[in-house]
Amino acid sequence: MFWTRLISGVALIIISFIVLFIGGPVTGIFAMALSLVGVFEFCRVYGIEKRSPAVFAYVWTVLYYVTLMLGNMKIQGFTLSFLVLPIMITYLLAILAVYVFRYPEYHDREIMASFMSFFYVSVMLSYLYKIRVMENGGYYVVLIFLCSWGNDTLAYCTGMLFGKHKMSPKLSPKKSVEGLIGGIIGAGILGCLYGFFLNGKIDTQFNIYLTLFIVCALGAIPAVIGDLAASAIKRNNDVKDYGKLIPGHGGVLDRFDSMIFTAPIIYYLVRLVVG
């Protein structure tokens with residue numbers, strides 16, 4: 001089990017870095033594929049993965065990503081990026097139409113799950129692509145991994161060495177307050193060290209080392225929430241793993257649960273401190 005988890009984890013990191021290094025449509029298609037699998041996994045928890053609300057989630061996920069990737073294209077004086085919010089609104093309208101016109105086939109819980117699958121997975125993960133297509137995005141996208149996977153690893157190590165106080169005994173008995181603090185500070189230190197590589201490559205009005213320490217430390221906080229939220233959903237629905245796509249790790253949502261929340265935070269923090 002250990003070697004399976006290690007090998008698949010290393011392979012996942014390599015594939016992710018290659019795709020993000022290439023950037024452009026390749027990163028967009030990769031993020032869209034991850035989102036589609038994640039939406040399927042999420043909807044399967046509620047037993048609707050092959051039913052109308054989930055099918056709408058798949059279709060709107062593709063529409064959303066195509067709109068993002070063609071965002072600079074102009075139609076009648078408007079760029080396609082103008083349609084991003086209308087796509088979200090029409091998706092909600094579409095699944096509510098399914099709800100009312102096929103009532104009582106679907107319960108409100110299933111409709112809300114399908115909406116959350118689109119927003120929680122597709123929209124949030126799209127920030128991987130949105131960061132990558134920024135100027136110097138190839139540098140910034142690394143911050144997501146430092147905050148999510150770096151925080152996870154360092155929190156585990158700190159918790160094993162110093163953990164005494166349970167952070168959430170009923171939800172995640174193995175996680176400790178010491179591990180939480182160690183993961184957040186550790187992510188900040190990784191960001192600071194990354195600053196030695198980025199120094200001179202990007203322009204920022206603040207000290208780059210302190211800036212990346214703060215960005216990564218703040219970015220690690222939602223990573224913890226994302227991880228626990230994904231665990232809470234599984235526990236509420238008696239599910240062990242979201243899927244089996246990644247041997248030893250589970251599904252997309254099992255491996256990218258913290259990144260779902262980290263990516264948007266990093267995007268806006270970078271926009272704030274860099275412009």
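A search of the whole structure turns up 18 aromatic pairs, where rings of Phe, Tyr and Trp (its six-membered ring) pair if their centres lie within 6.5 Å, and planes under 30 degrees apart count as stacked, over 60 as edge-to-face and the rest as tilted. Keep in mind that this is a predicted model, with local features needing pLDDT of at least 70 and side-chain atom pairs counting only at pLDDT 80 or more, while totals for chains, interfaces and linings use all residues. Residues are numbered from 1 along each chain as its sequence is written, and side-chain values use heavy atoms, with hydrogens and water left out.

**Aromatic pairs and a charge over a ring**

- W60 and Y91 have ring centres 5.9 Å apart and planes at 50°, so this pair is tilted.
- That pair links distant parts of the chain, with W60 in helix α3 (residues 52–69) and Y91 in helix α4 (residues 84–101), 31 residues apart; helices (H or I, at least four residues) and strands (E, at least two) are DSSP runs, numbered from the N terminus.
- W60 is buried at a relative accessible area of 14%, and Y91 is buried too, at 0%; buried means under 20% relative accessible area, exposed over 50%, and partly exposed in between (1.4 Å probe, protein chains only).
- Y267 and Y268 put their ring centres 4.9 Å apart with planes at 85°, so here we have an edge-to-face pair.
- Y267 is buried, with 10% relative accessible area, whereas Y268 comes out as partly exposed at 47%.
- K130 lies over the face of Y267, 5.3 Å from the ring centre; to count, NZ of Lys or CZ of Arg must be within 6 Å of the ring centre and within 35 degrees of the ring normal.
- W60 and Y91 also turn up in one aromatic cluster along with F56, Y64, Y65, F115, F118 and F119.

**Helix α5**

- Helix α5 (residues 108–132) has 25 residues and runs 36 Å from its first C-alpha to its last, close to the 36 Å expected at 1.5 Å a residue; the expected span is 1.5 Å times one less than the number of residues.
- Of those 25 residues, 18 are buried, so α5 is largely enclosed by the rest of the structure.
- S126 lies in α5 and is buried, at 0% relative accessible area.
- The C-alpha atoms of S126 and P104 are separated by 33 Å, and the two residues are 22 apart along the chain.

**Salt bridges**

- The structure holds 7 salt bridges, each one a side-chain nitrogen of Lys or Arg within 4 Å of a carboxyl oxygen of Asp or Glu.
- D254 and K234 meet at 2.8 Å, N to O.
- This pair links distant parts of the chain: D254 sits in helix α9 (residues 252–274) and K234 in helix α8 (residues 208–236), 20 residues apart.
- D254 is buried, with a relative accessible area of 13%, and K234 is buried with 13% as well.
- E105 and R102 form a salt bridge at 3.0 Å, N to O; E105 is partly exposed at 38%, and R102 is partly exposed at 36%.
- D241 and K240 pair up at 3.6 Å, N to O, with D241 partly exposed at 34% and K240 exposed at 70%.
- Shared partners join R51, R102, E105 and E110 into one salt-bridge network.

- For background, most residues other than glycine have a negative phi, and most peptide bonds are trans.
- Y103 and P104 are joined by a cis peptide bond, with omega at about 5°; P104 lies in the loop between α4 and α5.
- N136 is not a glycine, yet its phi is positive at about 65°. N136 is found in the loop between α5 and α6 (137–162) and is partly exposed, at 29% relative accessibility.
- D238 also has a positive phi without being a glycine, at about 55°. D238 belongs to the loop between α8 and α9 and counts as exposed, at 73%.

**Nonpolar surface patch**

- V10, I14, I18, F21, I22 and V26 make a nonpolar surface patch of about 590 Å².
- Patches are made of residues with over 30% relative accessible area and no salt bridge, with like charges joined within 9 Å and nonpolar side chains (Val, Leu, Ile, Met, Phe, Trp, Tyr) within 5 Å.
- Helix α1 (residues 2–22) gives the largest share of the patch, 5 residues.
- V26 is found in helix α2 (residues 24–45) and is partly exposed, at 36% relative accessible area.

Note on methods:
Accessible areas come from the Shrake-Rupley method with a 1.4 Å probe; for residues, only the protein chains shown count as cover.
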